[in-house]
Amino acid sequence: MSDTRAQPSVLRARPPASPPRQPRGYWRLHWRGLSVLIERRGMLALLALALLGAAVAALSLGQGSVRIPPGRVIAALLGAADAPTTLVVRQLRLGRVFAGAAAGAALGMAGCLLQTVARNRLATPTTLGIDNAATAFAVASVVGVSTSLAPAAFALTGALSMLALVFALSGPGDTRGYRFLLTGMGLGAICGAATNIMLARAPIDAANQAYPWTVGTLNNRAGPTLALLGWSLLVLTPLALVLGAALNVARLPEPVARSLGVRITQLRVGAIALAGLLTGLAVAVIGPVGIIGLAAPELARRLAGPRSVPVLAAGLAGASLTMLADLAGRTLCAPSELPVGIVAALVGGPYVLWVLLRTPQGALNA
Amino acid sequence: MHTHIFGLRSLLVVVLLASLVACGAATPTATPMPADPAAGSATTRSVATKYGPVAVPAAPQRVVTLDEGALDTALALGVVPVGALSSRLSTGVAPYLAARVPDIAIVGNPGETNIEAVVSAAPDLILASSRVDEQTYTTLSAIAPTIVPSNSMADWQAATGEYAAALGRTAELEALLADIDTQTMQLRDQLALKPATTGALIRWMPQGPLVLGRLLPGVRLLETLGMTLPSIATDLGSATPHTDIISLEQLSQIDTDWLLVATFNAEGDQALAAAKQQPVFSQLRASQAGQVVPVSAQLWSSAYGPLAMQAMLADIAKLTASPQ
Amino acid sequence: MALERPQSIKPSSQLTLLCAVLLLLSVAASIGLGAGAVGPLEAWSALGGGGDAQARLVVLTLRLPRTLIAVLVGLALAGGGAMLQAAARNPLAEPGLLGVSAGSATAVVIAIALGLGHLHIIVAIGGALLGCALVLGAARLSGRGDDPVRLVLAGAALASILAASSATILLFDQRTADEVRFWTIGGIAGRSLAQVMPALPAVGLGLIGAAVVARPLAALALGEQVARGLGQHPQLIRASVVGCVALLVGAATAMAGPVGFVGLVVPLAARWLAGPDIRRALPVALALGPSFVLLADTLARLVASPAETPLGVVTALIGAPVLVLVVRRQRLPSL
């Protein structure tokens, strides 16, 4: 992962006047008269998360229904192992790890952007009803159309239209992001009801096929949608970083930010559209596991500190957490597999309760 | 500074979790990796499938079935698969087959196939369901030659024919099917139902009944044996397996002479008991004549194949053997 | 507002008339309309002993019990919702949104998986109690009354944990799938009177409790200090509210599965008609609840006739837009 792309702090980009000494908590790199300030803690957080991600990914390649020792994993990666091992490692698990990492990174970054825009730490794909919408659309396609790409395409459509609807309905002047959340929950409940009708009335085979879309799973998720997500991430990640840096300024009180020349409205619309696209693409691959979009930015903020909007750290945290949840689901009660969505809800739900429990009133603003 | 400590602490928790997972995963005994499946079979045959011709080993040794009809067909033809999907609403294969495959590996449920489990079963032939999409087909083909039939349960004789061809036992299957036809005709003569006898196959859900349609071989068997289906069943056509749950007020639509109630397990009898509590249910003709018959749903509402047909014939023979 | 009994506690005669007419109309609709061939006129004559045997059978053994169950469910959910909202001083504190119904249903699912399905009334009430305690604990009922969303989010988190638990149980115990599906959606189609009878005492007890607690609860609405000054014990009041709500919601869930949004829409309408005082809002909510559930259930029968639509789906489709509308108002209505 590109952990070298640390964000130089926008606010402090202007070099200090006379003695070139870095502010506390920053590193100063200089090279031929150019000098960049790098926030120390943010950088360390990125490194730690990247290491964690790499470790979980390595573990994931070896663990599963069949346990493969590290030596054989490496041999299989290099193409030097026997055919079944190579198949398991290179086709199944590598695809699975990549799907988990990509979807988790997208959800993490989307969650970070959404929470910053909504100014509420609990704005996530789950609480905004995006998960429910994606599920409803995907189930509709499985029950109705049923070809291999359609559910993913439908899930993407559902996620995007839900986000647009929630923002349109919650209207302007929403300072603490609460109306936004509740509108999302209400619309999400409608989608949930629709999913229930479809599952209750669908023939049992179709209901079975729709099952992965109702829980969220990484089993057998490689395919054109994953490729689309991968390529999109290459384009959207830098965009998210730029927006994140800009949003950092927009976190100041609105008049101050405006006076600094920030076009807040455009910025918010851009961030929401980007978050919607990232969420939609991720949900189209992995299904409703939006709780990652809550946990990852939270972890990233804890690690990286309050100085910036930790978009990249949230992405890395999302990737690690998703892979970790999937790994736990595959190994903890082997040979049965718990889908990643169930693990995420079982761990993430109590986490939300914990955040609510210990956060003093009014401190939920992102 | 305070938040910094929090950050470190939460990272620690995550790392701890990761190592826990690693330790938890290390304890169960490692499954030995299967041998190379390509070894052993020297010659191959070509079989036509939904996704084009597939080269299969002349005498497949390790077959994994990802379809209930495929499992049934393989067993009927004397091939014992090494892996199969669990049957609907159970954790093992359908009860009517369970005794024949005590050691079979379960590689998934009807909703999801666990591909890694398929790999560790080390198949040299995979008999998949006609519903398998192209992406999954590609993945499965990387493991072993995979047969996805063009026909489904709607034409179960043709679908089993495709599986039999993959196993190289077409002639045996044809003999079996002919035999089943004879048995069916015999049973029909033996039953000698009156011309206007009606019958229906239903499931009783907690919210009410649903009626099964002609897509299911069992329902077509009832017709062959001389029962007339209610219009709510025939209206389904041959593509939809069952109706929605119908209102109890509509129970007159299944007021038939014979009522076969498919239940999934012993607890399904509870569902039947709940049905019998409803006064409208006890008004039904079948109810008053004592011709409400519980049958296994794994057999009657989702299985197909030669063994399934034989088991269903045996069910009917049994219920008519007892005095009406 | 003073606490000595003002004349305003008695609902106005227009309001009483409105509630009565609504209830009569919805009962009439529930008995007269259905998926079967029995029309309204025939149904009413069957009720009086006329009509043919088939019509009498349908009306007396299907529609009448179903109407009765709907009335009970409506009473329980509307009462539970009104009490919970008054105690939490939060217009969004609804048994469904707060995960209380889900807690109850999940407890039943666990009981079924363990082979204890016959205990389901007790288990459902226990689950509701746990759900109540957990979510109110998470949101720390006291002092957090002006942060309505916190409670709802805690409920949503709880509901998602519970849904995942049900899914996990299903993964290991497929035998109960049909039952589990029922307990995750909710409906009163196919329920017989015999099945719901055990819930009756719980509803009665819960309603009596609600009647007793309403007055101290109204005092609590004036603020903790005032309530103390009036000789009330806030903690005791809250604990008894939680007990009543658990009884009512647990019983409703045992009868009909988790049916959401009734406890949101009905008390909202009641407060709109009768004002925020729980002593006036509670009776109105109790009068409107049955009508709402009856109408929703009649719709559930007719929408996809002859198939049944689950009641929980219909109430969600009606209630969720109401939630969005409430939220869209400039200020969240406070209690």
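User: How many residues lie between β8(B) and β9(B) in their hairpin?

Analyst: The hairpin of β8(B) and β9(B) has 2 residues between its strands. Strands here are DSSP runs of E, at least two residues, and helices are runs of H or I, at least four, numbered from the N terminus. This is a predicted model: local features need pLDDT of at least 70, side-chain atom pairs count only at pLDDT 80 or more, and totals for chains, interfaces and linings use all residues. Residues are numbered from 1 along each chain as its sequence is written, and chains are lettered from A and ligands numbered from 1 in the order in which they are written.

User: In which sense does β8(B) pair with β9(B), and in which with β10(B)?

Analyst: Strands of a sheet pair through backbone hydrogen bonds, either parallel or antiparallel. Two strands count as paired if DSSP finds at least two bridges between them. β8 (residues 199-205) of chain B runs antiparallel to β9(B), with 4 bridges. B:Ile202 has B:Val211 as its bridge partner, and B:Arg203 stands opposite B:Leu210. With β10 (residues 258-263) of chain B, the pairing is parallel, over 5 bridges. There, B:Gly199 stands opposite B:Trp258.

User: What is the strand order of the whole sheet?

Analyst: The order is β9-β8-β10-β11 in chain B, an open sheet of 4 strands with mixed pairing. β9 (208-211) and β11 (292-296) each have a single partner strand, so one side of each lacks a neighbour in the sheet.

User: Which residues of β8(B) point each way?

Analyst: In a regular strand the side chains alternate between the two faces of the sheet. B:Gly199, B:Leu201, B:Arg203 and B:Met205 point one way, and B:Ala200, B:Ile202 and B:Trp204 the other. In β8(B), 7 of 7 residues are buried (20 or more other C-beta atoms within 10 Å of the residue's own; 12 or fewer is exposed, in between partly exposed; C-beta atoms are placed from the backbone).

User: Now helices. At what angle do α8(A) and α12(A) pack?

Analyst: Axes are lines fitted to C-alpha atoms, for helices over the stretch in contact, and angles run from 0 to 180 degrees between N-to-C directions. α8 (residues 224-250) and α12 (residues 311-331) of chain A pack at about 135°, with axes 9 Å apart. That makes α8(A) oblique to α12(A) (under 35 degrees is roughly parallel, over 145 roughly antiparallel, 65 to 115 roughly perpendicular, the rest oblique).

User: Which residues make the contact?

Analyst: α8(A) gives A:Thr237, A:Ala240, A:Leu241 and A:Gly244, and α12(A) gives A:Val311, A:Leu312 and A:Gly315. Contact means C-beta atoms, placed from the backbone, within 7 Å.

Key
Two residues are in contact if their C-beta atoms, placed from the backbone, lie within 7 Å.
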